[in-house]
Every structure is written in structure tokens, then in C-alpha cells.
Amino acid sequence: MTARAAPSGWRASARAPAPVAGAEAERFMRLAVREAARGLGRTSPNPAVGAVVVRDGRVVGRGHHARAGGPHAEVVALRAAGALARGADVYTTLEPCDHFGKTPPCSVALLEAGVRRVFVGSSDPNPLVNGRGMARLRRHGVAVVKGVLRDACDRLNAPWFTFITEGRPFVTLKAAVTLDGRIATRTGDARWVSGEAARAWVHRLRDRVDAVLVGAGTARADDPRLTTRLPRGGRDPIRVVLDSDLSLPRTLALFRGGSPAPTLVAHASAAPARRYGPGVELVRCRRGKGGVDLRDLLAKLAARGVAHLLVEGGAHVHARFLEAGLVDRVAVFVAPKIAGGDGVPLVAGRGPARMADALRLEQVAFERVGDDLLVTGVPARRAALAKNPQRG
């Protein structure tokens, strides 16, 4: 749709306002990041965005994008500020959109509100925006400062950036291992490797992702529900199970309902479709090495608006995603237990012959969660791509 012409009242004075001190700008952007986090897991296929309106050093409006199709963060914050938005500064975690979709452009809303400056965290890689939102503001005399707390803002929407630039969900691989690297005992028992605090952390993560995936082996051995169980409730992600030949029993918890979220059975079978209970859907994919073609599955999930996929096992599924280069983030809980040499390893298969060829993680962080140690990181090849993102 053609953008509207700018009303004459949009143009600010020719003299650009003085820049805000770095520390002050970062302080207000942190508030915007907190606002954005409130929408995580609720906005796909849109990004999670937060915004605050500041006048004379005081926050007069704040908001976040709460759901796809709803008002964007800047609009929510401007409405909260009302008349105080005129002449104010706006801090937004992502470049304001500049196209007409389900809602009008945020760049237009900012101009109509008469703001004087806009501080931006991340640039928007969406081809419909990608610098155009900031360019429109500047053309009409609004000062724009980009890159404020960019790293924090980029991390916030890393799944969405992958979704937009690669056409697939961002993949987080989560597991719990013993000190000797086992995700289950020799009998396949995995309840529980990690402690209660770690399991609560996982439920908070499920509340923020769009879908969670397990393989057929994990589905058989653990019979998981893959729901979100939090003290104050939560949102269940889409449940996905890899069952290449449609061999899983229909009696599994995943197929018995009990959740508003659907269960997707990803298969590569040419056999007639099986019948499951309500809320269970078959997703036929190409057959690849080892079963369902993972890239084909991820493309189909992206078409459903899945921007962040959580992979929860087991060992063969971990190996397939890692070997395909489809893991964007690793989160592994290390428990103070020893399972023994016959236990199930974190990753199946032979692995490399030389330690120099082992997959290395970068951007590594450690966190104590109850009695367990949480190790997070980014596979080196994904980290290399992130250093040269396709965004301004």
C-alpha cells in the first residue's frame, strides 16, 4: 500500500536536539527491553518489541507488543503518554515499522504524535522495513539514534531475526546431563536428571517458545506431556514429535489431549494417514537421512508462524540437528550425578576422531540453578554468522 503523504505539522525544527548522554539513553532502553520481554512467546510471527516515552527525564508512557495483529509497542506507549508525547523522546527496542499490514506504520504514528527523538535498539531486517522506518523519521525532522543497547535488543529477538532472514525457526537445544554426560541411565530412565529448580526453568522457557520437539524414542521412554506447568499458569507451546514411520502408540500423553496447544506428528510415511484424537495433526515431510527431513519440517513450522523451536531430545535427535547445522543455541543442565558408561549420551553417533574437530560453543555463560549448573552457548558456526548479520 502506498504510504500517506506527511502532514505539514510533522516537520520538526531544523535544529537537531542535543543527544542524550549514553548512560541515560541506556537506562531508558533497559526499561524498553523489560517491556518487550513481556511479549515473548505471544507475538509470533511478529517480533517482541517494547517502547517507552520519556519527557523531561521522566517516563510518561510505556508499552509492548502483546500479540500478532494487536497494536505495536510504540503505539501502545504513545497512547499511554497521550498529549505528553508531543516533544518527547521515544525508546524502542526495534526499528519502527514503515509498512501497512494489520496495523498502520509505527513511523507514521510517531510523526503524528509529534515526538522529537527516537532511540532505536535493533535495526529491522524485514525487507518491508530495513532502515525505512528510521529514514522516514529523519526525512521529517525527527532525530534518530540507533544501536542503543543493540546487543541486548538483538538477543531479545534473535529467534525472530533467524525466522525473517533464514525462513526457519530459531532452534534452542535443551538437555540435562550427568557429570559423565548421560541424559538417561542404561535402561533409558531420565526422571529426573536435573533438580526441581532446573525443571522450573525449563517450564518458563516453554512458556516463551512457539513449539517444543522430541523424537520418537523420547516420546516412548518418557511419555512426556510437553506442557508448561508454572505456579501462575502459562502458555503451552505447539508440541511436535518426530515419528518418521508413524509407529508411536496412540495412547501416549501427547495424543490424549489435555492442552489447548496442538500436537504435530512429523512423519515421512507414504502409508495412509492414521487417526488420532482431537488436536493431533499429521505433518508429512520429505524423508531425509535418519528420518524426517529436518529442513523441510522447519520450513513447514515457519509457515505456521513458529519462530522459536525448543528441541528436548533425545540423543539421536540432538545429533541430527547438530550435524545439520540447525542448532542456534545450546542450553545444557549439568547435574551432580554419575550414571555410568552404559547410560545414554547427550549426542548419539561416533563423533569426530580428533578433539580439534569437536563442535565448539562460543558466547558461553554459566549459571547456578539449584544444585545444577546451566551452561549456555552458541555453536561456533552459528556465532560466526551472527557476527555479520543481514541487518543494518
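Entry 1: I started with Glu74 and listed its contacts (heavy atoms within 4.5 Å). Leaving aside neighbours within four places in sequence, Glu74 touches Val49, Ala51, Thr92, Leu94, Glu95, Pro96, Cys106 and Leu110. Glu74 sits in helix α2, residues 73–81. Helices (H or I, at least four residues) and strands (E, at least two) are DSSP runs, numbered from the N terminus. Is Glu74 buried or exposed? Buried, at 3% relative accessibility. My cut-offs: buried is under 20% relative accessible area, exposed is over 50%, and partly exposed is in between (1.4 Å probe, protein chains only).

**Entry 2: ground rules.** This is a predicted model, where local features need pLDDT of at least 70 and side-chain atom pairs count only at pLDDT 80 or more, while totals for chains, interfaces and linings use all residues. Residues are numbered from 1 along each chain as its sequence is written, and side-chain values use heavy atoms, with hydrogens and water left out.

Entry 3: Next I looked up the UniProt feature "binding site" (unreviewed entry), which is placed at Ala176, Trp192, Thr218, Asp222 and Ser244. These residues span 69 residues in sequence and the farthest two C-alpha atoms are 27.2 Å apart, so they do not all gather at one spot. Still, Ala176, Trp192, Thr218, Asp222 and Ser244 are in the lining of the second largest pocket. I had to look up "pocket": on a 1 Å grid over the protein atoms alone, it is an open set of points with protein on both sides within 12 Å along at least five of seven lines. A cavity is a set of points where a 1.4 Å probe fits but cannot get out, and lining residues have an atom within 4 Å of a point.

I then checked two members of the set.

- Ala176 is in strand β6, residues 170–177, and is buried at 15% relative accessible area. Apart from neighbours within four places in sequence, Ala176 is in contact with Arg182, Ile183, Val193, Ser194 and Phe333.
- Ser244 lies in the loop between β9 (238–242) and β10 (263–267), and is buried at 16% relative accessible area. With neighbours within four places in sequence left aside, its contacts are Ala266, His267, Ala268, Ser269, Arg287, Gly291 and Val292.

**Entry 4: helix α7.** Strand β6 came up again here. In α7 (residues 196–206) I found Ala198, Trp201, Val202, His203, Leu205 and Arg206 buried. The buried residues of α7 pack against β6, β14 (308–311), β15 (329–334), β17 (361–369) and β18 (372–379).

**Entry 5: salt bridges.** A salt bridge is a side-chain nitrogen of Lys or Arg within 4 Å of a carboxyl oxygen of Asp or Glu. The structure holds 18 salt bridges, and the rule finds 1 across the interface of domain 1 and domain 2.

- Arg42 and Asp207 meet at 2.8 Å, N to O. Arg42 is partly exposed at 32%, whereas Asp207 is buried at 12%.
- Arg136 and Asp98 have their closest N and O atoms 2.4 Å apart. Arg136 lies in helix α4 (residues 132–139) and Asp98 in the loop between β3 (89–94) and α3 (106–113), so the pair ties together parts 38 residues apart in sequence. Arg136 is buried at 5%, and Asp98 counts as buried at 13%.
- Glu281 and Arg304 have their closest N and O atoms 2.9 Å apart. Glu281 is partly exposed at 32%, and Arg304 is partly exposed at 38%.

Note on methods:
UniProt positions are given in the numbering used here, feature names are shortened, and annotations may be inferred rather than shown by experiment.
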